[in-house]
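Visitor: Could you take me through one part of this model in detail? I would like to look at the sheet.

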Number of protein chains: 2
Amino acid sequence: MVRAADVSLRILQMIAFAETPLGVTQVAQGVGIAKGAAHKHLRTLMDHGMVLQDPLTSLYLLGPKIWLMGQKAPEGQVLSEIAAPLMRSIRDELGLAVVLSVPTPKSAFVLATLPSNQPINIGVRPGSELLLHSSAQGKIFLAFGGRELREALREPLPRATPKTQTQLPNLLAELEDIRRLGYATAPEEAMLGINALAAPILDRSGKLIGSIGLIGSIQHLAAEPPPALLDRLFTLTATIGKRL
Amino acid sequence: MVRAADVSLRILQMIAFAETPLGVTQVAQGVGIAKGAAHKHLRTLMDHGMVLQDPLTSLYLLGPKIWLMGQKAPEGQVLSEIAAPLMRSIRDELGLAVVLSVPTPKSAFVLATLPSNQPINIGVRPGSELLLHSSAQGKIFLAFGGRELREALREPLPRATPKTQTQLPNLLAELEDIRRLGYATAPEEAMLGINALAAPILDRSGKLIGSIGLIGSIQHLAAEPPPALLDRLFTLTATIGKRL
DNA sequence: CCAGTTGTTCTCGTATAGAGAACAGTGTTC
DNA sequence: GAACACTGTTCTCTATACGAGAACAACTGG
């Protein structure tokens with residue numbers, strides 16, 4: 001781990017996901033270093049065009065180069081443009097929150113989300129990383145992904161709620177079921193009162209690309225999903241897979 | 001300048017703009033450090049999800065987080081989605097290369113391009129940075145941008161070709177003309193045999209957002225642009241400005 | 001006009017980044 | 001099938017450069 005680079009990357013993320021442009025002082029205390037040091041990091045980021053400084057307010061905001069680099073990332077471009085309209089239609093139809101995520105070595109990375117349209121709505125923040133063993137999408141990745149993803153299971157499984165599955169043998173058995181049935185649920189495993197239903201997005205060759213998850217309270221999304229709901233989800237993921 | 005962060009950012013860009021996934025060795029000699037050190041940097045980038053490693057080939061490629069961050073950059077999202085279809089139509093109509101760029105403190109940053117559709121075609125690489133004083137788009141930014149952009153003129157003006165304007169007073173006079181006429185040209189100032197014509201993209205409040213440039217050989221794009229061509233360019237930039 | 005903010009520039013001691021070598025895999029070649 | 005030529009990864013050690021802290025400059029608002 002390169003410490004200085006780590007700091008710069010944290011600063012970059014901070015600026016990227018901040019609601020408003022940030023000043024040196026906020027950045028400094030955000031990453032926990034001295035103001036002067038933060039300034040040096042910001043200058044480095046500016047030299048690379050990753051960040052630029054508003055000439056009027058002298059606050060720092062994200063530069064255009066980040067956008068350009070983002071265009072080069074395969075997942076986003078393809079998946080989101082294809083999936084976005086389909087996700088919207090299923091959300092409007094079912095009223096549940098819809099989440100698109102892709103696998104990373106240790107988590108399910110949330111690329112895009114649509115919150116549910118209930119008065120009390122449930123959402124997932126894009127950019128968050130769901131644990132592999134305690135989320136529906138994570139379990140999809142464990143079940144359908146390459147062997148390297150299951151490496152993460154060697155370490156003890158942290159408990160998110162009392163219902164989180166922390167026994168490795170039980171989890172492995174569940175993964176078998178998931179592979180067989182083609183979907184995963186996680187009733188109150190990530191958060192009490194909340195359930196999720198997820199299915200994999202596979203390309204034509206059967207390779208795992210990502211997953212679509214539906215999130216809802218246990219009231220709206222039962223632990224045993226009704227067949228009609230499953231069908232709807234499967235047609236969605238199959239359509240996305242075909243259009244890749 | 002934070003050296004370690006600089007190295008990591010160079011590596012990140014290298015991976016982002018590489019044609020194919022890269023290995024540790026290529027990265028190391030690309031940025032000029034030892035293999036072991038490069039490995040440490042790559043791990044740091046991976047920890048942040050900026051980069052990930054193909055489990056099969058163990059080559060490094062761009063991670064999904066970069067895409068997500070790119071979505072947050074204001075310029076790209078808005079400008080490119082609005083401008084892209086309009087740029088395409090003007091390219092097909094005129095046959096000239098079309099370039100969309102935004103201002104940075106020291107250059108015109110190229111966000112998106114369309115190469116000309118001639119047999120011998122001319123293009124501009126996205127991500128490149130055009131000098132402010134020796135390119136049509138750069139001169140647009142100097143003329144229409146904030147005062148801070150003109151700070152760059154305090155330093156001596158490098159000569160790109162024999163025709164590059166390197167005399168500050170002459171350049172300032174030209175900027176006056178550009179402001180008055182609403183367009184800039186740069187015949188053979190950036191590259192011999194090539195001319196460019198550019199106009200600013202202004203939002204409703206008149207603030208400079210970016211510029212559209214047309215690039216062609218001096219044969220296809222005369223130093224004195226015909227009125228019809230100017231009209232076409234002005235309607236394009238005006239349309240983009242309105243849709244912001 | 002002064003107090004309390006900003007962002008920026010210093011200096012200096014210490015943590016750390018990078019060179020280099022050794023290690024561990026993988027595929028190629030003879 | 002064994003030696004080879006590559007990969008990516010891990011290690012040790014020292015010159016280096018990072019970050020704490022303080023001082024500075026430039027604004028803002030009471």
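Visitor: Which residue is the bridge partner of A:Leu100 in S4(A)?

Guide: The bridge partner of A:Leu100 in S4(A) is A:Ala112. A word on conventions: this is a predicted model, where local features need pLDDT of at least 70, side-chain atom pairs count only at pLDDT 80 or more, and totals for chains, interfaces and linings use all residues. Residues are numbered from 1 along each chain as its sequence is written, chains are lettered from A and ligands numbered from 1 in the order in which they are written, and side-chain values use heavy atoms, with hydrogens and water left out.

That bridge belongs to the antiparallel pairing of strand S3 (residues 97–104) of chain A with strand S4 (residues 107–114) of chain A, which runs over seven bridges. Strands here are DSSP runs of E with at least two residues, helices are runs of H or I with at least four, and both are numbered from the N terminus; two strands pair if DSSP finds at least two bridges between them.

Helix H5 (residues 74–94) of chain A packs on the sheet, touching S3, S4, strand S7 (194–202) and strand S8 (208–217) of chain A. Contact means heavy atoms within 4.5 Å. The direction of H5 makes about 150° with that of S3(A); axes are lines fitted to C-alpha atoms, for helices over the stretch in contact, and angles run from 0 to 180 degrees between N-to-C directions. Helix H9 (residues 227–243) of chain A also packs on the sheet, touching S7 and S8 of chain A, at about 35° to the direction of S7(A).

As for the whole sheet, six strands of chain A form an open, antiparallel arrangement in the order S5-S4-S3-S8-S7-S6. Strand S5 (129–131) and strand S6 (184–185) of chain A stand at the edges with a single partner strand each, so one side of each has no neighbour in the sheet.
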